[in-house]
Amino acid sequence: MLFFLLLLSAFLMLSNNSRQVLWIRANVLGVLGSASKWMGVVSQYRALKLENELLRERLALFAYENSLMKEAYLENIRLRKLLGFKKRSPFKVIPARILSNQVEGFSHAYLLDVGKADGVRRNLPVLSSEGLVGKTVVVAGGTAVVQALDDLNYRVAAMIQRSRVRGILEPTESGKLLLKYVPILSDVRVGDVVITSGVSRIYPKGVEIGVVTKIESPPTELFKRIEVKPFVDLENLEEVFVVLTSGKVL
Amino acid sequence: MKPFGWAIGFILVVLLEVAFAGFMTVYGIRPDFILLYLIPFSLEFSRAKGTAGGFAVGLIQDAFGASLFGLNAFCKAFAGFLVHVIPSRFLGPRFLHAGSLIFFVTLFHDFFYNWIYSLGTGANVIFIFFRYALPGAAYTAMLGLLIKAIFPGYLRVKRAE
């Protein structure tokens with residue numbers, strides 16, 4: 001019995017991206033996700049009440065900031081025209097509430113209250129107002145699972161915003177984010193902002209990820225060791241946005 | 001309790017884990033409610049049923065996570081099996097049996113889970129053991145003992161085989 005079930009589990013793990021396994025996963029999530037939504041609402045009631053008060057205070061501040069941003073946006077359009085830049089479409093995003101934050105050792109996922117019914121598909125980028133959060137990995141009718149940026153098996157093509165140096169952002173076992181495969185002679189400084197490079201079918205170019213906090217250049221290595229601190233507080237997220245139009249949008 | 005009652009319990013405990021375990025996470029370590037339910041289930045029934053129960057509940061849990069589909073099923077099937085094979089002499093004095101059993105089963109479960117999930121990433125097994133498996137096992141065992149203190153009928157370590 002044990003041998004058979006372990007073999008079956010191993011088979012499932014090896015065929016994780018097959019349509020059949022994704023179908024099973026989405027349906028199990030679909031059935032139990034709705035129940036989880038209700039349990040999540042109960043546990044979040046108090047938090048929502050406090051959050052509501054906080055949001056009211058912040059609304060006044062954001063209204064002011066919004067007017068400044070509108071000005072910046074109009075200025076941006078003018079400058080783009082001047083430079084002959086092709087006008088690019090903005091993201092189409094939908095807001096989502098995090099029902100649960102699931103940290104299980106190296107694995108980190110969020111359960112969202114949006115799903116197929118809201119237009120969410122697999123492999124869509126998930127952002128917060130601070131930056132990149134992760135990507136959708138399983139989507140059911142009204143819920144979706146998001147793999148977080150600090151999940152050990154998460155990878156994203158990234159670059160330094162200032163110098164356009166590219167690399168791959170990977171979490172380490174200790175939970176830090178490393179920008180890997182950046183040549184040793186590249187121009188990278190502490191404080192540089194790291195953004196998505198757009199070399200991906202999933203992430204649009206230019207989404208902010210984090211800031212460089214430490215750089216090591218061992219003389220015997222080919223690549224730098226660059227530590228990145230994410231802008232998003234991944235442990236205390238409550239709301240996110242799912243980007244429905246993926247690809248090179250920015 | 002009848003098998004149907006246990007099955008409903010499994011679904012409820014997965015939902016409980018998904019909805020509330022996040023609030024009890026300390027430095028990335030969370031208690032495993034599902035194991036706290038699976039261990040008495042496995043003790044109540046047989047080794048084979050414990051293994052099958054672990055597989056089924058693990059599969060449901062996998063649907064909610066971003067990890068490999070089948071990984072929790074693998075580890076929980078192993079955990080359900082392990083309940084019956086850990087020799088009693090490893091469990092220490094009789095009054096500690098329940099806590100020790102939860103501790104060892106969770107230790108194996110968390111170690112294998114994180115080790116398999118990190119394959120190919122270069123993660124250090126000693127790091128996995130001390131950073132995740134050991135604290136996770138201690139946390140879950142303490143919670144199990146707390147449940148036992150409140151409900152003395154919980155987890156009577158009396159192997160079915």
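Trainee: How many helices and strands are there in chain A?

Mentor: Chain A has two helices and 12 strands. Going from the N terminus, the order is α-α-β-β-β-β-β-β-β-β-β-β-β-β. Bear in mind that this is a predicted model.

Trainee: How do you know what confidence the predictor has in chain B?

Mentor: Look at pLDDT, which runs from 0 to 100. Chain B averages 86, and 95% of its residues score at least 70. For the complex, the predictor gives an ipTM of 0.77 and a pTM of 0.76.

Trainee: Now helix 5 of chain B. Why is it called largely enclosed?

Mentor: A residue is buried when its relative accessible area is under 20%. In helix 5 of chain B, 15 of the 21 residues are buried, so the helix is largely enclosed by the rest of the structure.

Trainee: And how do you know what span to expect for helix 6 of chain B?

Mentor: Take 1.5 Å times one less than the number of residues. Helix 6 of chain B, residues 125-150, has 26 residues and should span 38 Å; its end C-alpha atoms are 36 Å apart, which agrees. Helix 5 of chain B reaches 30 Å, close to the 30 Å expected.

Trainee: Where does helix 6 of chain B have a kink?

Mentor: At B:Ala133, shortly before the proline B:Pro135, and the kink is about 30°. That angle is taken between axes fitted to the seven residues ending there and the seven starting there.

Trainee: What do the buried residues of helix 6 of chain B pack against?

Mentor: They pack against helix 2 (33-44) and helix 5 (97-117) of chain B. Among the buried ones are B:Tyr132, B:Ala133, B:Gly136 and B:Thr140. An α-helix has 3.6 residues a turn, so residues three or four places apart point the same way.

Trainee: Last one: which residue caps the N-terminal end of helix 6 of chain B?

Mentor: B:Asn124 does, with a side-chain oxygen 2.8 Å from the backbone nitrogen of B:Ile126. The cut-off for a polar contact is 3.5 Å, so a pair at 2.8 Å falls within it.

Terms used: Residues are numbered from 1 along each chain as its sequence is written. Chains are lettered from A and ligands numbered from 1 in the order in which they are written. This is a predicted model: local features need pLDDT of at least 70, side-chain atom pairs count only at pLDDT 80 or more; totals for chains, interfaces and linings use all residues. Side-chain values use heavy atoms; hydrogens and water are left out. Helices (H or I, at least four residues) and strands (E, at least two) are DSSP runs, numbered from the N terminus. Buried means under 20% relative accessible area, exposed over 50%, partly exposed in between (1.4 Å probe, protein chains only). Contact means heavy atoms within 4.5 Å. A polar contact is a pair of N or O atoms within 3.5 Å; within protein, one must be able to donate a hydrogen and the other to accept it, and residues adjacent in sequence count only if both atoms are side-chain atoms.
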